[in-house]
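Subject: Handover of a structure for your review

Dear colleague,

Please find below the structure that I am handing over to you.

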Amino acid sequence: MAGEAQNWLSRMTEAAGKQSFHGAFVYERTGSFTTHEIWRQVGDDVTTERLVQTDGEYQEWLRRNGKLICATTGGPVIASQEASQTINRPELLEEWYELQVLGATRVASRPVTVVAVKPRDAHRYAYEFYLDSDTGLLLKSLMVNERQALLERFQFATFELNPTLADAMAPGKGCLEVTDTEAEAMVADSQWQPAWLPPGFTEGRQAQLLNEGDGQIISQVYTDGLARFTLFIEPLSEEHQAEDLRAQLGPTVAVSRKLNLTEGLFLATVVGEIPPATAERIVGSLLPEQGAQTP
Amino acid sequence: MRSESLQESLSAVMDGEAGDLELRRVLQATEQEPAVRDTWERYQIARAAMHKEPWQGKVDLSAGIAAALANEPTPTASSQPSALWQNMGKLAVAASVTLAVLVGVKMVNQENVPGEPAIVAERPAQEAAPAPSTPAAAPAVRQSGSAVLAGFPATSDATAPSDWHEKRISNYLRQHAEQGTQAAAPSPVPYARAASLDDK
């Protein structure tokens, strides 16, 4: 059964790069429910993807081959390197999650196969993926915590394969051209690496140094192949003061800790879709005294 | 029971906000009044349609509650649930209220929970959160612990983070979400997460 589930996850990743589609989906998390429309056109050389939020404030993104072309938020964005977040190797997931095909149902009028992904420890959440039985495309996904509370829902309401996309791919006039700010790649510095990481989490890509106003922020992505968190570290100063903090936004937790180092005062923040206690422990292991003790 | 207040009770039950007494009233009413039963059934169908997903288990809500209540002494208006249960409820409510507040990314820091961060950091992982394989009911006691650990003190002396920090957290959330978007990702969830940061 696990092998079958792995196959489905492989199909899901492959299908994402192959299929053109158009659909409308809902996204729900604690305190927020939004509706969206998506068009994806996969050509020989170019994959274009357009997303529009269809309720509330108008929001739009247009990406070509993964590069953000325009967005309603405009402004500079961090040139996104390919994050190794996709489930490229589901057989590796098996070590941290139990994979199981639960059965079949329907989403957006299409038959889907349901794959349950259950964590083997307390450092990650559970997922349910509803994959189009025909193509393997993800039509619905749920994230569930250890108390069986739903953290997040993504679900197509309408879905159309290989639609006529000609006009739909043109950005709206509210979609502002985006300028890239190149983030500097950073040489690994063990000082900024947590002494403790949840098992299975590795650096998703090279650490980045972002220029932010007058200061610089180090950011490092970690992933277990499915869940993902980002560690941000930046210096504190007279003008930039902060206290230890913990915030939860739907599935995403943010935990800040002040680091009192010989070089000065820094703020370390873990942001990610991981259980709060795990985030606490990661950021806590950056504290000098904690780091020394942690095996 | 007046029909308006019964309607309110019904809604409360459906939202999971009803007390035991209220719940019992509704269940009794559904047995005695066909109109109430119809409403109850419609709610149930709507609810089932919304939540017919494996993660939620396959418990018939009405039957489950009725059975559970049948084994309990009839509560009177003055009777109180156990202290533990009461506290857990409050913690649960406090947590969800905080989540709602966070929509506007208004945050409460935890400097008023002395020692908590250290405890969390040193706690073995298995204790910090209930094992995912345990049934939903089992982690209840630990849950109360983790709700405290969640660092959302319900006390009024909790201070808000600095404006700068609050902006930073919003920024981090956005960057984290946007870094998850990529070429032909299997799911547009990170986009939706980023979009929902601006949901008002």
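Residues are numbered from 1 along each chain as its sequence is written, while chains are lettered from A and ligands numbered from 1 in the order in which they are written. This is a predicted model, in which local features need pLDDT of at least 70, side-chain atom pairs count only at pLDDT 80 or more, and totals for chains, interfaces and linings use all residues.

**Confidence**

The model scores ipTM 0.88 and pTM 0.68. The term pLDDT denotes the predictor's confidence in each residue, from 0 to 100. Chain A averages a pLDDT of 86, and 89% of its residues score at least 70. Over residues 81–85 of chain A, however, the pLDDT is below 50, and this stretch has 16 contacts in the model beyond near neighbours in sequence; two residues are in contact if their C-beta atoms, placed from the backbone, lie within 7 Å. Residues 290–295 of chain A also stay under 50, with nine contacts beyond four places in sequence.

For chain B the mean pLDDT is 53, and 27% of the residues reach 70 or more. Residues 72–158 of chain B have a pLDDT below 50, with 119 contacts in the model beyond near neighbours in sequence. Where pLDDT is low, the predicted coordinates should not be read in detail.

**Chain A as a whole**

Chain A contains four helices and 21 strands. Helices (H or I, at least four residues) and strands (E, at least two) are DSSP runs, numbered from the N terminus. Of the 295 residues in chain A, 46% are buried. A residue counts as buried if 20 or more other C-beta atoms lie within 10 Å of its own, as exposed if 12 or fewer do, and as partly exposed in between, with C-beta atoms placed from the backbone. Among contacts in chain A between residues at least 6 apart in sequence, 54% join residues at least 24 apart.

Leaving aside residues up to four places away in sequence, A:Leu131 touches residues including A:Trp8, A:Met12, A:Val115 and A:Leu139.

Helix α1 of chain A, residues 2–16, reaches 21 Å from its first C-alpha to its last. That is close to the 21 Å expected, the expected span being 1.5 Å times one less than the number of residues. The buried residues of α1(A) include A:Leu9 and A:Met12, and they pack against α2, β7, β8, β9 and β10 of chain A.

Helix α3 of chain A (residues 276–284) is largely enclosed by the rest of the structure, because nine of its nine residues are buried. Among them is A:Val283. A:Val283 lies 24 residues from A:Leu259 in sequence and 9.6 Å from it in space, C-alpha to C-alpha. A:Leu259 belongs to strand β20 (residues 252–261) of chain A, and is buried because 20 other C-beta atoms lie within 10 Å.

**Strand pairing in chain A**

Two strands pair if DSSP finds at least two bridges between them. Strands β4 and β5 of chain A run antiparallel and are joined by four bridges, with A:Ala71 the bridge partner of A:Trp61. Two residues separate β4(A) and β5(A) in their hairpin, where A:Asn65 in the turn has a positive phi of about 45 degrees. Two further bridges connect β5(A) to β12(A), also antiparallel, and A:Leu176 is the partner of A:Ala71 there.

Strand β17 of chain A (residues 215–223) has seven buried residues of nine, so it is largely enclosed by the rest of the structure. Six bridges link β17(A) and β18(A) in the antiparallel sense, including that between A:Ser219 and A:Phe232. These two strands form a hairpin with four residues between them, and A:Gly225 in the turn has a positive phi of about 100 degrees.

**Chain B**

Chain B has 10 helices and zero strands. Buried residues make up 27% of its 200 residues. Among the elements of chain B, helix α6 has the lowest mean pLDDT (29) and helix α10 the highest (85).

Yours sincerely
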